[in-house]
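Colleague: I'd like to learn how to read salt bridges in a model. Could you walk me through it?

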Amino acid sequence: MSLRADLFCRVVDNYGDIGVCWRLARRLAQGPGWRMRLWVDDLRAFARIQPGIDPTAARQRHTGVEIIHWQENAPSPLPVPGDVVIEAFACDPPAEFVDAMRAQAAGPSHDASASPVWINLEYLSAEDWVARFHTLSSQRPDGLVKYFFFPGFTAATGGLLREPGLTAERDALQASREAQNDFLRGLGLDQAALAAHRQGVRVLSLFCYPRAPTDALAHTLRRRSDSTLILVPEGVAPGLDEQAGGALRIARVPFVAQPDFDRLLWCADLNFVRGEDSFVRAAWAARPLVWHIYPQDGSAHLEKLEAWLAHYPAPDTARTLARAWNCAPRNPDATAPGSPQAHRLGQALEAALAEPAWSAWQAAAHAWDAQQATGPDLADKLAIFCAEKLKTR
C-alpha cells in the first residue's frame with residue numbers, strides 16, 4: 001500500500017533521535033513506498049549527519065522524503081495528516097496537527113477509525129515487558145487511538161531497522177583491507193594511521209557519552225604488547241588525544257553521513273558505541289561491540305544493559321567489560337588511571353581481548369548479526385501493522 005505518513009522527531013540526544021527517524025523515513029519511502037513527511041525541530045543536528053540538508057529551510061526534500069522544520073508556530077496552511085502518523089519516542093505532535101486528526105474522525109461519519117493510524121515509536125529495549133506492551137493501543141478521551149510500537153530483539157517485538165543489501169555491502173568492504181584503507185584515507189587519516197591499519201593492528205572505534213572511562217581505556221591499551229588504533233569522532237572524549245603513545249595511536253575522524261558511519265564501524269575490529277542508532281548499526285557490523293547506554297538516575301540504565309546481555313551470545317569476558325564500561329561514577333577522578341574503577345576496566349578489557357575469549361566474541365558477533373537479520377525488519381513490521389489496521393476499517 002502506498003500510504004502517506006507523517007513522522008515527528010524532536011532532537012533530544014544530539015544525533016540519536018534524528019538518526020533513527022531519518023533511517024526509518026528513508027526505509028519506509030524506499031521499501032514499502034510510503035510518501036513520507038518528516039517533521040524535525042533541529043535541522044542543524046540533522047545537517048551534521050546528512051549532507052545536503054538546509055538548516056534554514058522551512059520545507060525541503062531529500063532522498064524522496066519531504067522535510068518540514070517543526071517550529072513553535074505550525075506551518076500555514078497546515079498539511080492534511082497522512083494515513084499514518086508516527087511520533088518518535090513520545091514527542092507529541094503539535095496540538096494543531098492533533099486537532100486536524102480529530103477533525104478527520106469527526107467528519108460526516110463521526111467515525112474515529114477515519115483518523116490516521118497513530119503510532120508511538122518507543123525506545124529500544126530488551127527488557128521482558130517490551131513484548132507484552134508491543135502494539136497495545138491507548139484510547140484517548142477525544143476518541144483517537146494511539147498504538148505503541150516497540151523495537152526489539154525477538155519476534156514478539158517490532159524488530160530492528162536494517163536495509164536490504166546491507167550484508168553484501170558490509171562483507172565486500174570487510175573482505176578488502178585496501179578498500180577499507182581507501183575509505184579511511186577519505187576521512188582524513190594521516191599516513192602513519194593508514195600504515196598502522198594496513199599492517200593489521202587492532203582497530204577500535206569509540207563513540208561514547210561524556211562519563212565513559214576513556215582515560216582508563218587508553219591507559220590499558222597504551223601498555224599492551226600489541227598495537228591499537230582508536231578512531232574517535234570529533235567532539236567525542238575531548239582530551240583523549242593526549243593519552244596516545246606506546247602501543248596506542250588515536251585518530252580523529254569527522255562526523256559523517258549515516259552510510260559512512262556504517263563503513264567506519266565495518267572497518268573496526270571492536271566498536272564502542274552509544275545510544276540506540278549507533279548500537280544497532282554496530283550490531284550489523286558483525287564485529288564485537290560494547291554498548292554505552294544513556295546513563296539514568298539511580299543506575300536504571302543498568303537494568304537495560306543486563307536485559308540486552310541476556311540476549312547477546314558473547315562470552316562472559318565481554319559481558320564483564322560491558323558492565324565495567326557502563327558503571328562509571330559521576331566523579332571523573334574515580335575512573336582515572338590507577339583508581340579501582342580503572343583497574344577493573346583494565347582487567348576486563350585484557351580478559352576480553354585475550355584468546356580464546358576474543359575469538360569466541362568475534363564468532364558470537366557474527367552469529368548474533370545473522371540471527372537478528374532473519375525475518376522482517378522494523379520498517380517492514382511497521383508497514384504490515386499499519387496496513388492491517390487500515391484494512392480492517
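Colleague: Which residue does Asp 262 meet in a salt bridge?

Modeller: A salt bridge is a side-chain nitrogen of Lys or Arg within 4 Å of a carboxyl oxygen of Asp or Glu. Here the side chain of Asp 262 pairs with that of Arg 281, at 3.0 Å from N to O. Asp 262 lies in helix α9 (residues 258-267) and Arg 281 in helix α10, so the bridge ties together parts 19 residues apart in sequence. Helices are DSSP runs of H or I with at least four residues, strands are runs of E with at least two, and both are numbered from the N terminus.

Modeller: One note on the source: this is a predicted model, where local features need pLDDT of at least 70 and side-chain atom pairs count only at pLDDT 80 or more, while totals for chains, interfaces and linings use all residues. Residues are numbered from 1 along each chain as its sequence is written, and side-chain values use heavy atoms, leaving out hydrogens and water.

Colleague: Are Asp 262 and Arg 281 buried or exposed?

Modeller: Buried means under 20% relative accessible area, exposed over 50%, and partly exposed in between (1.4 Å probe, protein chains only). Both Asp 262 and Arg 281 are buried.

Colleague: Which residues join Arg 281 in one network?

Modeller: Through shared partners, salt bridges connect Arg 23, Glu 163, Asp 262, Asp 277 and Arg 281. Within it, Glu 163 bridges to Arg 281 with the closest N and O atoms 2.8 Å apart. Glu 163 counts as partly exposed because its relative accessibility is 23%.

Colleague: How many salt bridges are found in the whole structure?

Modeller: The search finds 27.
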